[in-house]
Amino acid sequence: MTKLLQGLEQGRLLGMTKTFAMTIASALLLFAACSAESKPATQPTEQPAAAAPAAMTPITEETLAKLALADAKDGKVDKLVHRCAGCALGMDGEEKWPLQVQDYNMHFCNQACLDRYAKDPAKAIAALKIKN
Ligand SMILES: [Zn+2]
């Protein structure tokens, strides 16, 4: 009985360590993304540290490569992803549901598709499967 409990306890500790490591890893990723993307748009004033950004997946080269593929999918390479990424580029998006992701402008087919991407664009784009 004691052995069993010890085993359980060990398993739990291992689980906790893993979760902790993952938390640290994502914190580091976020930090890296912040430093890479803190190009001030208009004012060169520094943001106070208290204004922490929302927890979003950083946009990587991979994200941009995926966007380039999605861009080409509508027949024109113009940094406008006109096909709805929320529908795996299976249907046309519309101008009234736009999302800017770095240089790319994405059009979605409805509010739900847009919301899904707006929440965490890089994560959603990473999960997007583009068929050839
Ligand atoms: Zn859609």
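Predicted model: local features only at pLDDT ≥ 70, side-chain atom pairs only at ≥ 80, totals over all residues.
The protein contains 4 helices and 3 strands. Read from the N terminus, its elements follow the order α-α-β-β-β-α-α. Of its 132 residues, 20% count as buried. Contacts were also sorted by separation in sequence. Among those between residues at least 6 apart, 46% join residues at least 24 apart.

The 3 strands make up an open sheet. Their order in the sheet is S1-S3-S2, and the pairing is mixed. S1 and S2 stand at the edges with a single partner strand each, so one side of each lacks a neighbour in the sheet. Helix H3 packs on this sheet and touches S2 and S3. The direction of H3 makes about 5 degrees with that of S2.

The two pairings can be taken in turn. Strand S1, residues 80–81, pairs with S3 in the parallel sense over 2 bridges. In this pairing, valine 81 stands opposite methionine 106 of S3. Strand S2, residues 94–101, pairs with S3 in the antiparallel sense over 5 bridges. Here glutamate 94 has phenylalanine 108 of S3 as its bridge partner. S2 and S3 also form a hairpin, with 2 residues between them. In the turn, glutamine 102 has a positive phi of about 50 degrees.

Strand S3 spans residues 104–108. Of its 5 residues, 4 are buried, so the strand is largely enclosed by the rest of the structure. Residues up to four places away in sequence aside, methionine 106 touches Val81, Ala85, Gly93, Pro98, Leu99, Val101 and Tyr117.

Helix H3 covers residues 111–119 and includes tyrosine 117. Its buried residues are Cys113, Leu114 and Tyr117. These cover an arc of only 95 degrees around the axis, which puts them on the same side of H3. Their cover includes S2, S3 and H4. The face of H3 turned away from this buried side carries the exposed residues Gln111, Ala112 and Lys119.

A residue counts as buried when 20 or more other C-beta atoms lie within 10 Å of its own. Tyrosine 117 has 21 other C-beta atoms within 10 Å and is therefore buried. Beyond its neighbours within four places in sequence, tyrosine 117 is in contact with Ala85, Gly86, Leu99, Met106, Phe108 and Ala124. Tyrosine 117 and methionine 106 are 11 residues apart in sequence. Their C-alpha atoms are 9.6 Å apart in space.

The nonpolar core brings these elements together. The largest such core has 19 residues. Within this core, Ala85, Met106, Phe108 and Tyr117 touch the most other members. Helix H2 (61–72), S2, S3, H3 and helix H4 (121–127) are the elements that give two or more residues to the core.

Definitions and conventions:
Residues numbered from 1 in each chain as written. Buried ≥ 20, exposed ≤ 12 C-beta atoms within 10 Å, placed from the backbone. Pairing = 2+ DSSP bridges. Contact = placed C-beta atoms within 7 Å. Axes fitted to C-alpha atoms, helices over the stretch in contact; angles between N-to-C directions. Core = buried A, V, L, I, M, F, W, Y, C linked by C-beta atoms within 7 Å. Arc of directions from axis to C-beta.
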